[in-house]
Amino acid sequence: MTSSNAHSKLLQALRRRGPRAIVAGTVGVAGSFAVAGFTRNFVVAPVNSWVVNTTPGVIVTASIQTLGTLGDTLAFAFSVGLTAFVLALVAAAGDAFGDRFGGTVGAVMATYFVGWGVTAVLVRAPFFALGVAVPMAVAVGLGRRFPVRPTPDRGRRRVVVATASLLGFLGLSSVIGLRLVRPESSLLTALPAAERKEINDRLDEARAQSLDVAGLEGLTTPVEDFYEIDIDAINPNLNASEWRLRVTGAVEQTATFSYGDLTDMAPEHRFVTLRCVGEPLNGTLMDNALWTGVPVSAVLEQARPTDEATHVMLRAADDYFEEFPIEALSDGFLAYGMNGQVLPRKHGYPVRALIPGHWGEINVKWLTEIEFLEGEQEGYWEKRGWHGTGPVSTVAKLHAVNHRPDGSIQVGGHAYAGVRGIQAVEVSVDGGETWNRARLSESLPDADVWRQWAYEYRADSPHEVVVRAIDGTGTVQTAVESPPFPRGATGWVRRRVEPRR
Ligand SMILES: Nc1nc2c(c(=O)[nH]1)N[C@H]1C(S)=C(S)[C@@H](COP(=O)(O)O)O[C@H]1N2
Ligand SMILES: [Mo]
């Protein structure tokens with residue numbers, strides 16, 4: 001046989017089986033989604049993990065930097081295509097098997113068993129593999145029984161029927177699959193109406209309290225604007241129904257909690273501000289949200305730490321871990337909601353820790369374990385030289401400078417001092433010679449929140465604006481300048497302002 005002969009045989013085989021195989025691969029993916037939704041039992045999930053893990057880190061990082069979460073989405077779309085392609089190969093093999101043994105029955109059986117086997121190994125769940133195997137086998141069987149050939153007579157009608165059935169199946173599968181798990185959508189619909197009302201009232205209140213300064217972020221940061229810091233480019237994609245929180249180490253008795261255990265407890269709603277120790281003094285890695293969840297103390301009732309326990313290690317699904325003194329945990333919070341939404345994946349779905357007054361890094365996302373220790377250990381960042389497990393330092397930022405129609409100048413920003421609170425913000429418009437009190441937004445009724453400040457004045461020559469906060473204990477923000485590494489930036493924010501010409 002000449003090679004061109006073999007080539008044309010291959011082409012013929014492809015032309016005959018290709019469309020059928022591709023349809024089978026596609027309905028295999030759709031069927032899997034219908035039974036599993038966006039969970040690890042969805043056949044694309046293991047393929048996507050493989051794609052992400054085999055993509056070199058530099059490319060992942062670069063794609064995250066240039067594409068953001070679009071990179072995630074593209075990788076996922078690619079994984080969907082790759083999965084359908086692999087399943088199409090299985091279907092083509094089953095189809096070819098039928099040509100030799102048993103005709104259509106042989107093809108259907110072979111497709112069913114191989115499709116099921118491959119998927120069961122991938123998702124490690126025999127039942128969910130049926131979602132792939134059954135539609136694939138049906139597609140191969142129908143394809144053989146009613147071949148769609150582009151002949152003028154019944155060909156056209158069959159194309160229409162086949163296309164319509166395919167689209168119908170895809171649509172139905174998506175609808176069913178999306179209903180199974182809705183991690184990122186829906187307001188916390190499971191909450192009683194009274195709780196939903198409380199969330200909305202508190203968000204409204206914060207909106208009303210926000211200072212009306214152009215270009216200044218409000219008191220609540222919308223979820224899509226909330227800063228995000230992760231050690232990995234690709235975040236864990238956890239399934240709430242499989243998620244567990246374990247309380248271990250130096251405890252009277254270990255305990256395990258499911259998502260339902262936490263959401264069944266009486267929910268609380270707290271405004272908490274987070275700030276990353278790594279941000280520059282006047283940076284943008286500081287935001288505030290209304291979090292819904294339960295106090296850590298509620299789970300410690302069932303797993304009390306022993307008298308020897310001195311520190312806590314929080315561990316997460318991305319292998320992140322952070323340690324801090326046990327005292328900080330008592331006011332801690334386990335959040336599963338954010339601004340009235342289910343906690344988004346990028347902020348730690350299904351559950352994250354919030355440790356009042358401390359740097360962002362110990363507010364562990366994708367939390368899986370609270371381990372009590374009988375002594376100190378280093379956390380992820382501390383192993384890398386940071387000292388970010390303690391209380392935040394005091395900061396007043398300057399993010400808005402407005403030249404107003406009446407000729408005055410308005411400056412404004414946010415100030416934050418953790419649980420010490422903000423008592424005052426002072427503004428100098430002469431480089432620090434003299435100081436004036438800024439207007440402050442009313443305090444939100446929670447312990448660990450920022451405040452906005454604003455100050456209006458007139459000036460007709462270039463000048464330097466300096467701001468400093470005074471915390472709730474009366475201590476003035478330190479003027480000593482230090483870089484973010486290793487304990488957070490300090491100093492006063494200064495900015496040169498030109499009068500309007
Ligand atoms: N599991 C896990 N938790 C984490 C991190 C992380 O990379 N993994 N980053 C930490 C850091 S450094 C900060 S500043 C905050 C940021 O929280 P955010 O991304 O929700 O704003 O999360 C902390 N919790
Ligand atoms: Mo951070």
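A backbone N or O atom of Y227 lies 2.6 Å from an oxygen atom of ligand 1, in a model that is predicted rather than experimental. Polar contacts here are pairs of N or O atoms within 3.5 Å; within protein, one must be able to donate a hydrogen and the other to accept it, and residues adjacent in sequence count only if both atoms are side-chain atoms. The table lists Y227 together with two further contacts of the ligand.

| Residue | Part of the residue | Atom of ligand 1 | Distance |
|---|---|---|---|
| Y227 | backbone N or O | oxygen | 2.6 Å |
| H347 | side-chain N or O | oxygen | 2.6 Å |
| N363 | polar backbone atom | nitrogen | 3.1 Å |

Ligand 1 is surrounded by 19 residues, and the closest are Y227, D318, H347, R352 and K365. A residue counts as near a molecule or strand if one of its heavy atoms lies within 4 Å of it.

Residues are numbered from 1 along each chain as its sequence is written, while chains are lettered from A and ligands numbered from 1 in the order in which they are written. Local features of this predicted model need pLDDT of at least 70, side-chain atom pairs count only at pLDDT 80 or more, totals for chains, interfaces and linings use all residues, and side-chain values use heavy atoms, with hydrogens and water left out.

Let us turn to strand 13. Helices (H or I, at least four residues) and strands (E, at least two) are DSSP runs, numbered from the N terminus. Buried means under 20% relative accessible area, exposed over 50%, and partly exposed in between (1.4 Å probe, protein chains only). Strand 13 covers residues 409-416, and eight of its eight residues are buried. In a regular strand the side chains alternate between the two faces of the sheet. On one side of strand 13 sit I409, V411, G413 and A415, on the other Q410, G412, H414 and Y416, and both sides are covered.

Which strands pair with strand 13? Two strands pair if DSSP finds at least two bridges between them. Strand 11 (residues 395-396) runs antiparallel to strand 13 and is joined to it by two bridges, with A396 partnered by A415. Strand 12 (residues 400-403) is also antiparallel to strand 13, over four bridges, and A400 stands opposite G412. These two strands make a hairpin with five residues between them, where G407 in the turn has a positive phi of about 95°. Strand 12 itself has A400 and N402 on a covered face, and V401 and H403 on an uncovered one. Strand 17 pairs with strand 13 in the antiparallel sense over seven bridges; here A415 is opposite R451.

Strand 17 (451-457) also leads us to helix 8: together with strand 3 (268-275) and strand 4 (286-295), strand 17 packs against the buried residues of that helix. Those residues are E195, I199, R202, L203, A206 and Q209. They lie on the same side of helix 8 because they cover an arc of only 130° around the axis, the arc being that of the directions from the helix axis to the C-beta atoms. An α-helix has 3.6 residues a turn, so residues three or four places apart point the same way. The face of helix 8 turned away from the buried side carries the exposed residues A193, A194, K197, R207 and A208.

T220 is found in the loop between helix 8 and strand 1 (244-249), and T220 counts as buried because its relative accessibility is 18%. Leaving aside neighbours within four places in sequence, T220 is in contact (heavy atoms within 4.5 Å) with L203, A206, F271, N288, A289 and N339.

Elsewhere, four strands form an open antiparallel sheet in the order 15-14-18-19. Strand 15 (436-437) and strand 19 (493-497) are the edge strands, each pairing on one side only. Strand 14 (residues 422-428) meets strand 15 over two antiparallel bridges, with V427 opposite N436.

Finally, a look at helix 5 (residues 103-123), where V118 lies. V118 counts as partly exposed because its relative accessibility is 29%. The C-alpha atoms of V118 and V43 are 9.7 Å from each other, although these residues are 75 residues apart along the chain.
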